[in-house]
Every structure is written in structure tokens, then in C-alpha cells.
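Morning, everyone. I'll keep this short. Have a look at the structure on the screen, and then we'll go through it.

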Amino acid sequence: TALAKAYGWKAWAELNRPSYLKPKMPDPIGIRDALAWLVSGPLRLSPAQLRDVMAERPKAFLSDPATAYAAALEVAPEPFAGPAKFK
């Protein structure tokens, strides 16, 4: 369901697969890499945390989270500077 939500498949199916909607197909390697980064990168999400973020904002966490994290870290205020404090 996270992939359906992230890539618009649910609406496409609910509307009886209209031709004007073109659901996107995700890159399986990109998804695998994103999930690996989320659990082993600086965020080190637990299975429960990963399940929660996928339920809330799957597209945000499946679309190159490493780049988004680096950009957010770059503009983080002083108290949150550094990966240890920015989780």
C-alpha cells in the first residue's frame, strides 16, 4: 500500500484505470537503496519507525532520502547541526 500511495496507483485503480492518468513505475533498485539507507544510514530507523514513515509519507522516503537528508541538514539551525542531533 505504501507504493500504491507513493506512486498514485490507488487513485488510478479506484477510477477504473482511466487513460488520462499515467501511474509511475518506481525504480526497484532505487527503492531498495532508499530502504537500505533509511535503516543503515544516519537515521537508522527501526522496523517500527520505518513502517510509520512509510504509512505517512512514502514518496518522500522512497525518493532519494539521502539527498533530501543532506539538504535538510545543510540548513538545519545550530542546535540541530550534525547528524547525531538531526534525526
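Let's start with one side chain's neighbourhood. Leaving out residues up to four places away in sequence, Tyr7 touches Pro23, Lys24, Pro26, Ile31, Lys59 and Leu62. Bear in mind that this is a predicted model. Where does Tyr7 sit? It is found in helix H1. Buried or exposed? Tyr7 counts as buried, because its relative accessibility is 13% and the cut-off for buried is under 20%. Asp64 lies 57 residues from Tyr7 in sequence, and the two C-alpha atoms are 14 Å apart in space.

Now to helix H3. H3 covers residues 28-40. Does its length agree or disagree with expectation? H3 has 13 residues, and at 1.5 Å a residue these should span 18 Å. The end C-alpha atoms of H3 are 18 Å apart, so the length agrees.

Which residues of H3 are buried? Ile31, Ala34, Trp37 and Leu38 are. Looking down the axis of H3, these buried residues fall within an arc of 130 degrees, so they line one face of the helix. Ile31, remember, is one of the residues that Tyr7 touches. Over on the other side of H3, Pro28 and Arg32 are exposed.

What do the buried residues of H3 pack against? Four helices: H1 at 2-7, H4 at 47-56, H5 at 58-62, and H6.

Take H6 next, residues 65-74. H3 and H6 pack at an angle of about 50 degrees, and their axes are 9 Å apart. That angle makes H3 oblique to H6. From H3, the contact is made by Ala34, Trp37 and Leu38. From H6, Pro65, Ala66 and Tyr69 take part. By class, this contact has 6 nonpolar residues, with no polar and no charged ones.

Last stop, H4. Leu50, Val53 and Met54 of H4 are buried. Around the axis they cover an arc of only 100 degrees, which puts them on the same side of H4. Turn to the face away from that buried side, and you find the exposed residues Arg51, Asp52 and Glu56. The buried residues of H4 pack against H1, H3 and H5.

To recap the faces. H3 has its buried residues along one face, with exposed Pro28 and Arg32 on the other side. H4 has its buried residues on the same side of its axis, and exposed residues on the face turned away. That's it from me. Over to you.

Definitions and conventions: Residues numbered from 1 in each chain as written. Predicted model: local features only at pLDDT ≥ 70, side-chain atom pairs only at ≥ 80, totals over all residues. Heavy atoms only, no water. Axes fitted to C-alpha atoms, helices over the stretch in contact; angles between N-to-C directions. Helix = DSSP H or I, 4+ residues; strand = E, 2+ residues; numbered from the N terminus. Parallel < 35°, antiparallel > 145°, perpendicular 65-115°, else oblique. Contact = heavy atoms within 4.5 Å. Nonpolar A, V, L, I, M, F, W, Y, C, P; charged D, E, K, R; others polar. Expected span 1.5 Å × (residues − 1). Buried < 20%, exposed > 50% of the residue type's maximum accessible area, 1.4 Å probe, protein only. Arc of directions from axis to C-beta.
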